[in-house]
Amino acid sequence: MAFVPFSLFTLLVLFSLLLNPTSAFNPKLLNVSKLQSSTSWSPAGATWYGSPTGAGSDGGACGYATAVDQAPFSSMVSAGGPSLFNSGKGCGACYQVKCTANQACSGNQVTVVITDECAGCVLESVHFDLSGTAFGAMAISGQEDQLRNAGVLQIQYRRVQCKYPGVSIAFHVDSGSNSYYFASLIEYEEGDGDVSAVDLKQALDSSTWLSMQQSWGAIWKLNPGSPLQAPFSIRLTSAVSGNTVVANNVIPAGWQPGQTYRSVVNF
């Protein structure tokens, strides 16, 4: 009988069952990511906009403002066509892109974050309108300008985990927020990068989570109709894996509109 090699995942499953044979196997305990298991490349179109060595635009339709040209984004960003931007729900998602169809292409993998919308990018089902910096990063060293002059470029892409070593999730309170209305930009989420749900818990309520709604881009809002009592804890649910993380008391009593409050957590 031929020997069939076990995959690493199968070995981990068997090891888990041997350690605790009476309990049912739960793949979430092994933290197997849907993104990590997707390694295939797909075709897409690519262009670039803004300054040749810039970040495309100052913030764009996701609301990140000047953060796009600062670490950890560092101008390695992209506007997404309708399928990537997904009405703002794709803000923060990370992708690897590479090109081989032009003689100036290096074939190197470049990681970018969706931070803007390219509503008119509809010639292909998937289109990246990259920052000049990110587009040039796909080129052979010294041939960045040659690649930028290529026009619409056919590239390959795949979804990947977002990684921001040493950076925790930040909440930038919208300037229009007050005691009856709270809105915040959410940025630097690791893992999926994008979120599907945001909930807020007030200071004096130990059990009730209030569902926030997406306002636009990466900004989420809550309009409860009564005064909110800070400090606030905020719970995020990632869009692909469904993982959750709670930033306890991240918005302090006495919070101010326009201020950024950093948590001590990330996915």
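A: Arg148 is buried in this predicted model. Its relative accessible area is 10%, so it falls under the 20% limit for buried. Its salt-bridge partner is Asp145, and the closest N and O atoms are 2.7 Å apart. Asp145 counts as exposed, because its relative accessibility of 52% is over the 50% limit. Both residues lie in helix 4 (residues 144–148). They are 3 residues apart, about one turn of the helix.

The whole structure holds 3 salt bridges. Another of them joins Asp194 and Arg159, at 2.8 Å from N to O. This pair links distant parts of the chain. Asp194 is in the loop between strand 8 and strand 9, while Arg159 is in strand 6, and 35 residues separate them. Asp194 and Arg159 are both buried.

Arg235 and Asp199 also meet in a salt bridge, with 3.3 Å from N to O. Here too the pair links distant parts of the chain. Arg235 lies in strand 13 (residues 232–238) and Asp199 in strand 9, 36 residues apart. Arg235 is partly exposed, because its relative accessible area of 25% lies between the 20% and 50% limits. Asp199 is buried, with a relative accessible area of 9%.

One charge also meets a ring. Lys98 lies over the face of Trp41, at 4.2 Å from the ring centre.

Now the rings themselves. The count comes to 10 aromatic pairs. One of them is Tyr95 with Phe128. Their ring centres are 5.5 Å apart and their planes stand at 75 degrees, so this pair is edge-to-face. Tyr95 belongs to strand 3 (residues 94–98) and Phe128 to strand 5 (residues 127–131). The pair therefore ties together parts that are 33 residues apart in sequence. Both Tyr95 and Phe128 are buried.

Tyr164 and Tyr188 make another edge-to-face pair, because their planes meet at 70 degrees, with ring centres 6.2 Å apart. This pair links distant parts of the chain, 24 residues apart. Tyr164 sits in the loop between strand 6 (153–160) and strand 7 (170–173). Tyr188 sits in the loop between strand 8 (182–187) and strand 9 (195–201). Tyr164 and Tyr188 are both buried. Ring pairs also join these two tyrosines with Tyr64 and Phe73 in a cluster.

How values were computed: Residues are numbered from 1 along each chain as its sequence is written. This is a predicted model: local features need pLDDT of at least 70, side-chain atom pairs count only at pLDDT 80 or more; totals for chains, interfaces and linings use all residues. Side-chain values use heavy atoms; hydrogens and water are left out. Rings of Phe, Tyr and Trp (its six-membered ring) pair if their centres lie within 6.5 Å; planes under 30 degrees apart count as stacked, over 60 as edge-to-face and the rest as tilted. Helices (H or I, at least four residues) and strands (E, at least two) are DSSP runs, numbered from the N terminus. Buried means under 20% relative accessible area, exposed over 50%, partly exposed in between (1.4 Å probe, protein chains only). A charge sits over a ring if NZ of Lys or CZ of Arg is within 6 Å of the ring centre and within 35 degrees of the ring normal. A salt bridge is a side-chain nitrogen of Lys or Arg within 4 Å of a carboxyl oxygen of Asp or Glu.
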